[in-house]
Each structure stands twice: as C-alpha cells, then as structure tokens.
Amino acid sequence: ASYEISTTYDSTNGKIVIAYQDAGNSNYGTAVVGTVSGTSISFGTPVVFNSASTYDISAIYDSTNGKVVIAYRDSGNSSYGTAVVGTVSGTAISFGTPGVFNSVLSTYISATYDSTNGKVVIAYRDGGNSSYGTAVVGTVSGTAISFGTPVVFESATTFYPSTTFDSTNGKIVIAYRDGGNLNYGTAVVGTVSGTAISFGTPVVFESATTSYISSTYDSTNGKVVIAYQDGG
C-alpha cells in the first residue's frame, strides 16, 4: 500500500513525479518518475528519499532550477520538518542531502513554488510553538535547499494548511482551518521578499468547521480556487 501521496509535474523534463509513503518498505519516503504517453502512464524504478517513516509529504517543482522539492515530516529524525531536492534524469530521480526547516514536530506540511521570486514556500503546523500556522522560504542551490527564518501566519492552532501561488499577482495564498476562530476556513496572502515572507490580514471563506482543504491557482482566470469539507 501507498500513503501520503503527492504528485508534481517536472515541466523541464516533461515527467510526472509521485512522492509517497511506501507501506511495503517500512513506510519509507519514496518517489517514482512517470512518463505520460497518450492516455497511459508508465513508471521508472522507485527511489527512496527518506529511509524512515515519512509523513505529510508535499512535492512541488522548482521551475527556475529545474528541480523537484519534496517536503515531509521525518519520523527518523524526531518528526522534524524536512525537505529534499530531487533531480529527474530520464525515468529516474536522484536526491541531494535533506535540509531541516523546523527542528521540532512539524505536521500538516504543504509546499508551493513562487516562480516570481524563485523560492519554495512551505507552510506547516509548528509543534514547538503552540501548533501555530507557520511558513518558511526555501532556496534551492544545486541539489541542496536552505531556509530563511520561519514566520507565523496564524497565532492559533492551525489545521490543513494548503498553499498555492498566484502567478498573476506574485503572491502566496495559504488556506487553512483556524482553531483560534471556531475552526473557520480562512485564507491569507503572503509576500516573499528574499528569504523572508510577510502576511496580510486573514479572511474567512467559510464560517463553519472546515476540513481537508486543498487550494490551487487558475492562471487563465487569475483566481484562487479552494476546495474543502464544509462542517456546516
């Protein structure tokens, strides 16, 4: 069985990359390259990127550097928030040295790529800071990734953060459940500057308990779309 599945598209190589937890191999973090042909897809040999139980996997593609980035919770290292850079070659993928972005329990990890600033942005719940919603900017260099200083976007227990990038406005959008406001569905706009990120005022999009949030960006219409489970 496979769990914690996250898929991204490598536009440079024209390949799909699927990252997942491999229950058949000690729940190790694993990735595989897919090649689409017509209406079918074929796969290369899976490659382990984390030799420990791996959760909260979020895979994205850094189009500036031509690299895949996989963010995850590493149970082999005290459940720290971690990310690793992958390089696709043919039907294979190889990985650099992982980088830790939060040296405490990190959950609900969601990454996106800011193509305007050439930066990775990772949102997560920070178990070392009252489970606040937090985001950090990552910079890919070769096969390594480094991080700026984390910034809180919600000073309350945060669930299900989902990040997307509004390429028209050059802004990050994070949708999430706000445990400090009756678990309402909420969204906030983030602006990346260098290795830092700042946030505007959060806005409620659903005045009821909101779960399983997923957001994406429609570049044709210039709109963010948020899907969620409506507890109301």
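Guide: A nonpolar core is a set of buried Ala, Val, Leu, Ile, Met, Phe, Trp, Tyr and Cys residues joined through side-chain atoms within 4.5 Å. The structure discussed here is a predicted model.

Visitor: Which residues have the most contacts inside the largest nonpolar core?

Guide: In soluble globular proteins, nonpolar side chains tend to be buried together. In this protein the largest nonpolar core has 15 residues. Those with the most contacts inside this core are Val69, Ala71, Phe101, Val120, Ile122 and Ile145.

Visitor: Which strand gives the most residues to this core?

Guide: Two or more residues each come from strand S6 (67–74), strand S7 (80–89), strand S9 (99–114), strand S10 (119–126) and strand S11 (132–141). The greatest contribution is four residues, and the strand that supplies them is S9.

Visitor: Which residues does Ile145 touch, not counting residues up to four places away in sequence?

Guide: Ile145 is one of the residues with the most contacts inside the largest core. With residues up to four places away in sequence left out, the residues that Ile145 touches are Val69, Ala83, Val85, Gly99, Val120, Gly138, Thr139 and Val140.

Visitor: What percentage of the residues is buried?

Guide: A residue counts as buried when its relative accessible area is under 20%. Among the 232 residues of the protein, the buried share is 48%.

Visitor: Is Asn27 buried, partly exposed or exposed?

Guide: Asn27 lies in the loop between strand S2 (15–22) and strand S3 (28–37). Asn27 has a positive phi of about 65°, although it is not a glycine. Buried means under 20% and exposed means over 50%. Because its relative accessibility is 23%, Asn27 counts as partly exposed.

Visitor: Where does Ser130 lie?

Guide: Ser130 is not a glycine, yet it has a positive phi of about 55°. Its place in the chain is the loop between S10 and S11.

Technical notes: Residues are numbered from 1 along each chain as its sequence is written. This is a predicted model: local features need pLDDT of at least 70, side-chain atom pairs count only at pLDDT 80 or more; totals for chains, interfaces and linings use all residues. Side-chain values use heavy atoms; hydrogens and water are left out. Buried means under 20% relative accessible area, exposed over 50%, partly exposed in between (1.4 Å probe, protein chains only). Contact means heavy atoms within 4.5 Å.
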